[in-house]
Amino acid sequence: MKPVRLAILGLGTVGAGALKLLQENAAEIQRRTGREIQITYVGTRRPRPDLNLEGIKQSADLLEIARQDDVDVVVEVIGGIHPAYEVVMEAIKHGKQVVTANKALLAKHGNELFKAADANNVQIMYESAVAGGIPIIKVLREGLSANRIEWLAGIINGTGNFILTEMRDKGRAFADVLKEAQDLGYAEADPTFDVEGIDAAHKLTLLASIAFGIPLQFDKVYTEGISKVTAQDVKYAEELGYRIKHLGIARRAAKGVELRVHPTLIPEDQLIANVNGVMNAVLVNATPVGSTLYYGAGAGAGPTASAVVADVVDIVRDISYTEDGAGTIPHFAFENLADMPILSSEEMVTGYYLRVHVEDQTGVLAKITTILSEKGIGVDAIMQQTRLKDLIPIVILTDPITESKMNEAVAEIQALPAVRDEVARIRLEALDS
């Protein structure tokens, strides 16, 4: 069979990693696919003397590369929305298969891109867009295809996990650890996407669509970052037998689907609670298999390039052994998507960790617990902490309750004359079946 011809658009960390992997493992990859893979083009604006680009055409005109007759597969690893959107759409219109690591592009424009791909009988493969080297897309689309997925919870941003791990292990403040993460290259100069949960929300959007067979709905993901988590909260959670992790959670509920990203207390004996540093993990609960956990490196040249090349291998197999290049598995794992409503934040149900700073006054704790009781909120634990200057921290763990009820309770607690500072609130999940 004739070789499959490939264009790699973008020679940053991921693109360069994919190029090297395709070159170094060429013989092994050809044994798996039965076809030679030739890299015919790279899209780059600057020379890369450190890479072996012998015999490969180079151009900064990405749209023109996407139109070339000697390109069968376009690998888009330039990132961002524009010009990535235009390049991918141009490739699709010209009958090219697409591999992308661009979670932001797919989360925001995936519905139209996948529709165009179906209309042109090509595939968009995107394993590398979520959790780096963990093959979680393949797990959800194929490995768990016999199951009804009930919920998933993932540590899907390594930067945030590194920060929370350092805060717990060393008692450091958020701002201090963030600066170190930037110095180490884990966080960008503008860390907003990582620490405010936007990156995780992009990834959760993709995971939820595959898990439940629903359209991509990034704008409906409740998103909360970790910048308000304090070393004090991390310490108190530990004393209560919990760890704080920044989770993306997608869950079936009676009235629809919960999609949320936020700091979360989880029991310290949960395996996912012990995923530390920059590592990622996704916990999936499904019927009948139960809970399964997938762990590994979520970023970096090696892990992400591994996922990119695995997608290339799948595409080569499909175009070699099927009548067209459309593939045998739907992009969202379901032939027909369901119109399941996405719940608003006020409809979400979860337990809560509350930290309240109060003046040393008789009866203030009774007033707080009375407010919770009147709202129908059960209390699982109460712990009075060591005095901080002239205030006493009170920590409360609650049973699961709707967000709307908790909003009402927190507003009333905040209004008590003895309460000082903002009431800290972190959601709590048992992550059991």
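Before selecting anything, know that an axis here is a line fitted to C-alpha atoms, for helices over the stretch in contact, and that angles run from 0 to 180 degrees between N-to-C directions. Helices (H or I, at least four residues) are DSSP runs, numbered from the N terminus. This is a predicted model, where local features need pLDDT of at least 70 and side-chain atom pairs count only at pLDDT 80 or more, while totals for chains, interfaces and linings use all residues. Residues are numbered from 1 along each chain as its sequence is written, and side-chain values use heavy atoms, with hydrogens and water left out.

**Stop one: α7 and α8**

Select residues 158–170 for helix α7 and 174–183 for helix α8: their axes lie 9 Å apart, at an angle of about 130 degrees. That makes α7 oblique to α8 (under 35 degrees is roughly parallel, over 145 roughly antiparallel, 65 to 115 roughly perpendicular, and the rest oblique).

Now show side chains. F162, I163, E166 and M167 of α7 touch F174, V177, L178, E180 and A181 of α8 (contact means heavy atoms within 4.5 Å). Colour this contact by class and you'll get 7 nonpolar, no polar and 2 charged residues (Ala, Val, Leu, Ile, Met, Phe, Trp, Tyr, Cys and Pro are nonpolar; Asp, Glu, Lys and Arg charged; the others, Gly among them, polar).

**Stop two: α4 and α5**

Next, pick residues 84–93 (helix α4) and 103–119 (helix α5), whose axes come within 10 Å and cross at roughly 15 degrees. The two are therefore roughly parallel to each other.

Which residues of α4 meet α5? Look for A84, Y85, V88, M89 and I92, facing L105, H109, E112, L113, A116 and A117 in α5. The α4–α5 contact residues divide into 9 nonpolar, 1 polar and 1 charged.
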